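Trainee: Can we walk through the strands in this one together? I'd like to see how they line up.

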Amino acid sequence: MKVLVPIKRVIDYNVKARVKSDNSDVDLTNVKMAMNPFCEIAIEEAIRLKEAGTVTEVIAVTIGAKAAQEQLRTALALGADKAIHIETDEKLESLHIAKLLAKVVEKEAPELVILGKQSIDSDNNQTGQMLAALTNRGQGTFASKLDIDNAMVKVTREVDGGLQTVELKLPAVVTTDLRLNEPRYASLPNIMKAKRKPLEVIAADSLGVDLAPRTQLVSVSEPVKRSGGIIVDDVAQLVEKLKTEAKVI
Amino acid sequence: MKTLVIAEHDKGVLKPETNKTITAAVKLGFDVDLLLAGDNLSAMSEQAASIAGVSNVLIADDAAYAHQLAENLADLVLSLADNYSHIVASATTTGKNFMPRVAALLDVAQISEIIDVIDADTFKRPIYAGNAIATVKSLDSKKVITVRASSFDIAQEQAPVAVTSVAGKGSVGLSEFVSEEQTESERPELTAAPVVISGGRGMQNGENFALLNGIADKLGAAIGASRAAVDAGFVPNDMQVGQTGKIVAPDLYIAVGISGAIQHLAGMKDSKVIVAINKDPDAPIFQVADYGLVADLFDVLPELESAL
């Protein structure tokens, strides 16, 4: 079976985002970028399914500016077979991304699409669910375990208060949670090999999707700063402060 | 214009997140209908009808909605959507699961995890792990919104309002519930606990997390962990507080041996009072802590337990 893994280029998760002084957005100039951590888990899962013989082909896809090809090369170095870059300089929303991905799904007809549960920049947690809706597939979100058996996939999901297992008819859409696996690192020989793997570039405009904005970013501000606290000397003083000053115990 | 809120429930009890979501929905300024979908709902319907701000309760009683599977629930909400300008649910794992599906089926954007309502079209929401707050205006005719419950108060009670039944088509045949496994814990749920005590990499191993048990028992606290502690294999992932784990806003948050990486702060910096215990005086956690104690946690934790 064929697996499609959409990935996203985002700010590196160790970098603290800075708000622009004119409050128009977050400043991403000269900031280290990387593959979204949940997307790494999605790629890893697809590769493991391939290594287990369940999957025959892994296709990585990304949507965005030219620089995002760097993350596609990473996906190829990790073991993806081919990559698709849907190129656009527009800032797209989850619904647009899901619609563009639906076009790729239509063309490539993967039995399984594995995405990260959310990207760490917009923190939306929408694209996988929207793609499932647009392609009329079942969805297994926040997956911590996948079991593929014939025409079904059993997905164990991380839900508030524990785990829930659902069974989806294939084709289906799955989004990854942190516990699904531990992503591997790309080895140097694999990074070299990845340069020769196929990478198809498609202009986003050519796919016939309405990309008009659905939301307007009015402003971006710094979160309210917490007022500086105090350093206490010992446990006795800490407990005293919590009882009499903060009144929380 | 009316607002539809989709209730969340578990084992025959409405979740507190639903009440808080109604508080957010009332701020939109329109009548609020509450949809209760599941099976065996009779006990809950009165509870739902008594939440202040609710004008009408709609009941969809069908086994297909019992586990709130996204495919079936989204289809039900879609069938009711014509009557509403705003569709709202909590940003819990359930709300996050089915609401984007609803939005896509309606061909509208979703505004995720709002923390404030500016007006009926404009909302505030955190981005970049809470390091920035975006003010976002929806340009769609219908708004699909999820609410970060920890940012809103619990709604009061009112005299019960009318309850009407609605019928959906039940299962759409894409998915089936198989089983569930609840985390067994005598302690309160992490996201609902009034006090949370969390351990980080400084705990050194999983066994040392037992040092937190006595303190948690005395404070009625839930025990959490940083991603570093989870990644190091000290504790399971469902204890993780942070951008990629759970978002908590308790009255008291005690961070033990946690440096305060941005990923972790995103999950707890809206706590009312933050206490940090760390032997590194330069740890970033001290910049957000109301009370900091610079000391070795292995000395401090037993002392703290006996002092409580």
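Trainee: How many bridges pair E10(A) with strand E11 of chain A?

Mentor: First, this is a predicted model, where local features need pLDDT of at least 70, side-chain atom pairs count only at pLDDT 80 or more, and totals for chains, interfaces and linings use all residues. Residues are numbered from 1 along each chain as its sequence is written, chains are lettered from A and ligands numbered from 1 in the order written, and side-chain values use heavy atoms, without hydrogens and water. Strands are DSSP runs of at least two residues, numbered from the N terminus, and two of them pair if DSSP finds at least two bridges between them. E10(A) and E11(A), residues 162-169, pair in the antiparallel sense, and the bridge count is eight.

Trainee: Which residue is the bridge partner of Glu158(A) in E11(A)?

Mentor: Strands of a sheet pair through backbone hydrogen bonds. Look in E11(A) for the partner of Glu158(A): Leu163(A).

Trainee: Which residue takes a positive phi in the hairpin of E10(A) and E11(A)?

Mentor: That hairpin has two residues between the strands. The phi there is near 90 degrees, and the residue is Gly161(A).

Trainee: How many residues of strand E10 of chain A are buried?

Mentor: Buried means under 20% relative accessible area (1.4 Å probe, protein chains only). E10(A) spans residues 152-159 and is mostly covered. Of its eight residues, the buried ones number six.

Conventions. Buried means under 20% relative accessible area, exposed over 50%, partly exposed in between (1.4 Å probe, protein chains only). Helices (H or I, at least four residues) and strands (E, at least two) are DSSP runs, numbered from the N terminus.
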